[in-house]
Amino acid sequence: MTRDLQLGDELPDWAGAKEFYQKYDPKEVIGRGVSSVVRRCVHRQTGQELAVKIIEITAEKMTEQQLEEVKSSTLKEIHVLKTVSGHPSIITLIDSYESATFIFLVFDLMRRGELFDYLTQKVTLSEKETRSIMRALLQAVQYLHSLRIIHRDLKPENILLDDNGHIKLSDFGFSCQLVPGQRLRELCGTPGYLAPEILKCSMDETHPGYGQEVDLWACGVIMFTLLAGSPPFWHRKQMLMLRMIMEGRYQFGSPEWDDRSDTIKDLISRLLEVEPAKRLTADQALAHHFFRQYEPEEVRSFSPYRKFRVLILTVLASIRVYTRYRRARPLTRDILTRDPYSLRGVRRLIDACAFRIYGHWVKKGEQQNRAALFQNSPKIVLLELASLEEEEAD
C-alpha cells in the first residue's frame, strides 16, 4: 500500500523501510544519482521486475537545509507523478515509502536505460528515429503543460527506453505545478539545456520570470543533439557557453547537417527561439510539417489525378537518383586519405570509434561534455586508431 508522505512527519527508523522490504526484494544497482541509487527490484508475490529509487535523507551526509530541500523536492516529485499517472510517455510511480533515513520510490523497469546511453552507442540518430522519439516527448510535454506542470530538467539522461524502444519521461525533481499567471525565478536544471530566460532571470532582478516555454527550448536542444551527436551550445569555458545560450548562437555546421532536411532544421530553429513569446508551444511543434508529412492519410479512391501525380513524382525521383549517381565521386584511397570526414558512412564510423576510444570523457549531469569528443579533428582520431592498430600488431 502506498504511504502518503508529509514533510516533517516523525517516523520510526524502519517503519517505511520494513513495509518496502516486506513487499519488494531489491537487486543490483542500475543507476546512481547525487543522493540516490536506483536498483532493480522484484515484487515478492508476483515476481514482477521493477525499479526502485532509494533516496538517502540522513543528516550525516547533508546539512539541515540540504536535507529539507531533498525532502521537499521528493514530495513535490511524488505529487506530480501521481497527477500525471497513466500517460504512455511518462514513467509510472507504483509505490512510495519513507523511513527516517530513506525514501523508496518504485517505478516501471526500463530495461534499455537512458536515451543518453543509447545516443552514446549510436552517436547520431536518423530523422525517422528522431521523429518517433521527439513526437512521444512532445506529447508528454503537451500533457504536462495542459495540467500547468513544468518539468524544468528535460535532457537525454531523464528520458528512458523500454524493451520496445518507446520512451518515458522521468526525474520530476525540479518540476512544479503553476497557478494561472505564475512565473518562476529559480535557477535550476542542467546548464546546456537552460533556456535564455532562466539565465537572464538570475542576472536581472527586474526580469518578469519564466514559464512553460523553457521546456520547449530544452526539446530543441535534445532534438539537435540526437541528430548531430553533440549539443548546439557547448564550450570548455562555461561562461562562454552561457553567453552562446543567451544569444541563441548555434549553427547547422558541415558536414553533420549537410544531409539533414530543411524541415527538421526549421523545427529546431523555431524551438531554439530566444524570445519565449515567439517559441513554438508543444501543440504547435506537434503540428509542424516535420511530424505531419509522415502521418498516414486515408485514401478513399485512386483518381486519375492521383495516378498522374504519382507518375510525375516517380519520374522526378528517378531523375534525382540518376543525377546523384552521375555526380557521385568514386571512392578512392586518395579521397579517404585526404578528406574522410566528408563521406557520411566513413564519418559515422570515425565518430563511433572516437566514442569507443574517448568513452571515459562522456559524463552526465552538469559537466556533460559529449561535445568535447567532436573537438578532435578526424586526423587526430585516425592517428589514435593507427597507433592502437600498431600496438595490437606488436
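**View 1. Aromatic pairs, with Phe224 and Trp257 as one of them.** A search of the whole structure finds 14 aromatic pairs, a pair being two rings of Phe, Tyr or Trp (its six-membered ring) with centres within 6.5 Å, stacked if the planes are under 30 degrees apart, edge-to-face if over 60 and tilted for the rest. Phe224 and Trp257 form a tilted pair, at 4.9 Å centre to centre and 45° between the planes. Because Phe224 belongs to helix α6 (residues 213-228) and Trp257 to the loop between α7 (238-247) and α8 (262-271), the pair ties together parts 33 residues apart in sequence; helices here are DSSP runs (H or I, at least four residues), numbered from the N terminus. Phe224 is buried, with a relative accessible area of 4%, and Trp257 is buried at 2%, where buried means under 20% (1.4 Å probe, protein chains only).

The model is predicted, so local features need pLDDT of at least 70 and side-chain atom pairs count only at pLDDT 80 or more, whereas totals for chains, interfaces and linings use all residues. Residues are numbered from 1 along each chain as its sequence is written, and side-chain values use heavy atoms, with hydrogens and water left out.

**View 2. An aromatic cluster.** Phe20, Tyr21, Tyr24, Tyr97, Phe102 and Phe104 form one aromatic cluster.

**View 3. The buried residues of α8.** Ile264, Lys265, Leu267, Ile268 and Leu271 are the buried residues of α8. Seen down the helix axis, they fall within an arc of 160° and therefore line one face of α8, the arc being that of the directions from the axis to the C-beta atoms.

Conventions
Helix = DSSP H or I, 4+ residues; strand = E, 2+ residues; numbered from the N terminus. Buried < 20%, exposed > 50% of the residue type's maximum accessible area, 1.4 Å probe, protein only.
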